[in-house]
Amino acid sequence: MPKISETRISMLHGILLIALFACAAFYIGEAQFLKEISFSPMIIGIILGMLYANSLRNNLPETWVPGIQFCSKKILRLGIILYGFRLTFQDVVNVGVAGIVIDIIIVTVTILGGIWIGRLLKMDKETALLTSIGSGICGAAAVLGAESTIRTQPYKTAVAVATVVIFGTVSMFLYPIAYTSGWLDLSPPEMGIYTGSTLHEVAHAVGAGNAMGTEIANVSIIVKMIRVMLLVPVLLILGFWVARNASKNASGAKKGKVSIPWFAVGFLAVIGFNSLNLLPAVFVDAINYFDTFLLTMAMAALGAETSIDKFKKAGAKPFVLAFCLDVWLIIGGYILAKYLAPMCL
């Protein structure tokens, strides 16, 4: 048995390795063309981690692995909690009933519909769930939050993130083209609601909104942030679902214990604190920057546990599911923005 100090030092080596990947992701993310396509450091981090997993991973000392797992679990949850500093409850009030109602419909139908389509495709349940939550709420951050609740294999998380990034990025370019060409018969507020309620990542909503003008961008970002808030009830429901399944699978008569994801509660508490506007904007910006670094570390750690063989194992079905969900978001979201939004605005 190694000494405790040696174990901790080896663990620290794994954490520092992932921190270096995160630093590299931030550096690479400064490239102008990556900024233009809204490729966040988080996405670059998982790509770097996957490149490492499929090249030099076998040369990594096994004693470093706990440090990598620490980043993909503990640091991930801290990152989700601090993500709440990007939101306030005032945002909900500012956007009004239309954005809230449409967000709830989009999130509910996307997640439940994704689970149903996953069954039709005979997909792995966890991969289908992660892909559906990522498409329905806020992309990679939502996938990470769900992964922390159901605690699945890292490669399933990586597959779900990959699908969200691909289809979200395509839609981010498609929306401004369709709007400026006159293909979408929506007013600026309606287009803002449509953009915020259907694009996958926060970065996607920001990128597409800014390409269509300030009025649309402001609405789309707020609507998108309300969608992010819906991550809390989804994770709480997911926690009850996990406990229920554990109870059914238990051999004894003892009921499964409900595991409430504490980081979801922390996320909500941080939103409440941030709504009080007690911290100067410069502090909040610094916290958000640090939080992005933590989430980038978590993504890199997940990528480092994901080999090409595991992607092959997942097959094409997750991408088929993500495509179906993207079609729903584009068409269903347009219908809701066109016909339901005017009734609420």
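Asn274 counts as buried, because its relative accessibility is 12%, under the 20% limit. The model described here is predicted. Asn274 is found in helix α13, which covers residues 262–275. Neighbours within four places in sequence are set aside here.

Ile43 lies in helix α3, residues 41–53. Its relative accessibility is 6%, so Ile43 also counts as buried. Residues up to four places away in sequence are again not counted. Pro233 stands 190 residues from Ile43 in sequence. In space, the C-alpha atoms of Ile43 and Pro233 are 25 Å apart.

Helices α9 and α11 form a packed pair. Helix α9 spans residues 188–198, and helix α11 spans residues 214–229. Their axes lie 7 Å apart, at an angle of about 35 degrees. The crossing of α9 and α11 is right-handed. On the α9 side, the contact involves Pro188, Pro189, Met191, Gly192, Ile193, Thr195, Gly196, Ser197 and Thr198. On the α11 side, these residues meet Glu215, Ile216, Val219, Ser220, Val223, Lys224 and Arg227. By class, the contact of α9 with α11 has 7 nonpolar, 6 polar and 3 charged residues.

Notes: Residues are numbered from 1 along each chain as its sequence is written. This is a predicted model: local features need pLDDT of at least 70, side-chain atom pairs count only at pLDDT 80 or more; totals for chains, interfaces and linings use all residues. Side-chain values use heavy atoms; hydrogens and water are left out. Axes are lines fitted to C-alpha atoms, for helices over the stretch in contact, and angles run from 0 to 180 degrees between N-to-C directions. Helices (H or I, at least four residues) and strands (E, at least two) are DSSP runs, numbered from the N terminus. A crossing is left-handed if the near helix is turned anticlockwise from the far one by less than a right angle, and right-handed if clockwise. Contact means heavy atoms within 4.5 Å. Ala, Val, Leu, Ile, Met, Phe, Trp, Tyr, Cys and Pro count as nonpolar, Asp, Glu, Lys and Arg as charged, and the others, Gly among them, as polar. Buried means under 20% relative accessible area, exposed over 50%, partly exposed in between (1.4 Å probe, protein chains only).
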